[in-house]
Amino acid sequence: MLNDDLVRRGRQTLTVCNACRYCEQYCPVFPALERRRTFDAEDLTYLANLCHNCGECLYACQFAPPHEFGINVPMVLAEARTQSYEAYAWPFALGRAFASSAFRTTLAALTIVVSMLVLVSLASPEALWSSDASANFYGVIPHAAMVTLFGAVSLFALIAMAISGSRFWRDLRRGDVPSSAGALAPASISLRSAVRDAFTLRHLHGTGRDCTSNLEVRLPWRRWFHHCTFYGFLLCMASTTIAAIYHSVFGWHAPYAYSSLPVLLGAAGGFGLLVGPLGLAALRQTRDPALGHEENGGLDTVFLALLFLTSLTGLALLVLRHGAVMGPLLVLHLAVVLVLLLTLPYGKFVHGLYRVLALIRYHGEH
Amino acid sequence: MTQKPEYDVAVIGGGNAALCAAITARRAGARVIVLERAPRDFRGGNSRHTRNFRCLHTTPGEYLTGVYGEDEFLSDLHSVNGGAIDDTLARLAIGQSANCPEWMAREGVRFQAALHGTLQLGRTNLFFLGGGKALMNSYYASAERLGIDVLYDADVVGLHLAGDRFESVDVAWDRRVRPIHAASVVIASGGFEANLDWLHEVWGDAADNFIVRGTPYNTGVPLKRMLEAGAQSVGEPHECHAIAVDARAPKFDGGIVTRLDCIPLGIVVNSLGQRFYDEGEDVWPKRYAIWGKLIARQPGQIAYSIVDAKSANAFMPSVYPPIVANSIPELARQLTVPSGTLQSTVDAFNRAVRPGTLNLGGLDDCRTEGLTPEKTHWAQRLDTSPFWAYPLRPGITFTYLGLKVDERTRVMMSDGHPAANVYAAGEVMAGNVLLRGYLAGFGMTIGTVFGRIAGEEAARHAER
């Protein structure tokens with residue numbers, strides 16, 4: 001759960017917000033808080049995962065520091081959001097390790113996975129460094145080993161996130177039942193609205209224009225870079241899924257032609273995953289520190305870096321698959337993807353899960 | 001003067017009226033300096049705490065419902081004032097308010113639909129997205145783009161006039177006092193509500209218990225200097241916009257969140273445990289602004305709003321927790337109000353409540369009979385524990401004593417002639433159109449309309 005000091009500060013802040021309400025039409029955080037009169041840890045978690053940290057409400061706040069009330073909603077919600085990622089992680093110890101030092105944990109995981117893959121590939125050492133033009137991936141890492149490894153890790157990540165998500169959802173429902181709520185909207189409608197909001201990043205330009213980056217500067221870049229990242233990720237997933245179907249259903253084996261569906265989708269997605277994470281990382285450099293430090297031990301950066309590396313090694317593999325470096329490149333690419341999968345339940349990736357759940361709750365209430 | 005002054009227009013103040021004047025003057029080609037007394041973080045005067053703008057409109061708009069015509073607007077203004085105001089200026093403010101939103105939007109201001117819980121204002125008042133500070137941020141950003149010099153922490157300590165002609169202003173800035181010359185000056189520095197000494201002169205010891213809802217920087221120095229220089233005053237020194245705020249509010253700058261909306265739902269007693277005014281006289285928005293002065297006349301300038309469990313969730317949540325007790329004597333002890341008197345006040349009230357159908361959305365038939373004073377609407381027995389109380393103090397918003405101006409916002413001198421190059425806008429001249437009551441959002445109308453006129457006039461004067 002969130003720590004007591006944070007809950008106390010959150011309560012103080014949100015109580016002032018609830019008596020003011022000037023920010024009501026910036027984003028769902030405010031209508032959601034207006035439905036509550038008291039704010040417990042669950043409410044804070046809920047509101048924190050509705051917040052995009054755009055900063056409009058800080059710049060508009062008549063009580064922002066140095067005012068004696070010292071209201072800074074983006075900062076307190078950023079802290080709550082980070083704490084909620086750790087609090088709902090399963091198993092807790094892994095979440096803990098990742099949250100306290102994302103960079104070191106990831107590096108350790110990467111080292112272990114690379115060594116493991118190298119060991120596997122040593123079964124046929126000649127394939128690892130062969131310049132054989134056939135681009136025979138399965139000569140380096142046998143198909144069965146790949147399927148076993150990725151299957152196991154994906155399954156683990158899915159289970160971990162399912163557990164985290166259901167705990168998060170259970171607590172959302174335990175939050176203060178709004179006084180005027182009545183019955184919640186049907187789940188199907190809430191789900192549809194939530195998914196629509198998430199896929200369009202509606203609340204990053206919910207007021208009709210883009211949200212601020214700094215005071216009066218409203219730029220669309222954060223939204224576009226996020227779109228690149230998210231849709232790039234989806235395209236890569238689609239590419240992998242189609243390739244798996246090709247392999248297991250039709251018996252068509254990799255490597256696939258440049259004009260094939262897996263390669264086209266993968267290349268487009270890979271491009272998005274190069275541009276998006278780079279852009280988001282660059283935007284972080286110019287971000288107003290007053291909006292809070294969302295990074296705990298580099299949570300955000302590590303996720304962006306893994307996405308970027310996944311794409312970089314994947315695209316390099318595509319171009320150099322007939323060269324002598326194919327073997328090591330394949331090992332590296334697979335390792336990065338495996339570690340990415342392994343860290344999904346503990347890193348910034350979970351924001352997507354929690355935000356959609358929070359949005360479902362939001363649309364249910366409103 | 002032989003030498004051309006460094007600025008065409010000096011604007012004293014940094015709130016809505018000041019920025020409207022500065023931007024208009026700059027767009028007319030003038031070289032403009034804004035002298036804002038507050039540091040950058042607290043810029044914007046009382047406009048920081050505002051949220052809407054009362055606005056004439058003959059067709060429904062994107063954010064305004066229905067229509068709000070000139071006659072209705074003027075009659076609303078007359079009804080809160082209950083006396084003669086300058087109808088020429090009032091009609092000017094009302095008429096010009098119609099074309100303000102378009103101008104504001106061009107300067108980057110964004111709007112929103114009426115806030116939840118203030119829907120009754122959705123027809124008459126246009127709300128700023130994010131409130132008054134967001135509005136001021138837009139204006140300052142626009143000023144920056146236009147090349148207006150903005151001096152923060154600039155304390156105007158002296159105004160120099162030769163007869164009715166402004167020459168320069170003395171500004172204390174960065175530990176030095178320096179003169180700034182300009183061809184004309186716009187005074188948009190607000191009232192004197194944050195000047196505790198001046199309030200004390202007007203209200204006596206009662207002033208010590210006032211809470212200043214807005215900026216601590218409105219001490220009325222430019223106003224005083226102009227009056228000393230022979231400007232004609234308008235309005236009474238004790239007239240002001242003052243509401244009931246939570247007694248636990250900070251002395252300055254507590255803004256919107258310290259107000260309490262529970263008064264019509266229960267009873268209000270003074271420190272003697274006695275009621276003193278009809279809590280249900282009219283719908284709350286219309287009576288919101290009289291309670292400050294009512295409490296200012298009570299002993300110790302303190303009062304307590306008391307509701308019972310039935311009403312606990314029927315009003316906007318407050319930033320301070322209620323004082324809670326399971327019985328009236330226990331509540332009296334916590335409030336340090338005579339327990340016997342409070343009990344008999346509540347008993348007498350409960351006995352006088354006539355049956356009716358409660359309707360918080362309008363004037364209902366829940367009233368008392370045979371009580372002094374009566375409660376004429378929303379009277380329900382206080383009989384369900386726990387009982388909640390909120391301590392109340394007068395919360396002064398702004399004062400009405402100001403500079404008399406003509407329809408070109410020229411400051412009138414006591415000989416009946418306008419000053420040659422001195423213009424006034426905003427709170428500092430609000431007394432021309434506000435005698436005693438207050439109409440929500442009208443302060444921003446005054447600031448925007450007269451600020452724009454003052455900027456235009458000051459720039460035109462400087463051209464000559």
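Q: Into which domains is chain B divided?
A: This is a predicted model, where local features need pLDDT of at least 70, side-chain atom pairs count only at pLDDT 80 or more, and totals for chains, interfaces and linings use all residues. Residues are numbered from 1 along each chain as its sequence is written, while chains are lettered from A and ligands numbered from 1 in the order in which they are written. Domain bounds come from an automatic or database domain assignment. For chain B they give domain 1 (7-238 + 400-463) and domain 2 (249-395).

Q: How many residues does the contact take from domain 1 and from domain 2 of chain B?
A: The centres of these two domains, taken over C-alpha atoms, are separated by 34 Å. Two residues are in contact if their C-beta atoms, placed from the backbone, lie within 7 Å. By that rule, the contact takes 17 residues from domain 1 of chain B and 18 residues from domain 2 of chain B.

Q: Which helix gives the most to the side of chain A that touches chain B?
A: The contact between the chains takes 26 residues from chain A and 28 residues from chain B. Helices (H or I, at least four residues) and strands (E, at least two) are DSSP runs, numbered from the N terminus. On the side of chain A that touches chain B, two or more residues each come from helix H4 (56-59) and helix H1 (4-20) of chain A. With five residues, the one that gives the most is H1(A).
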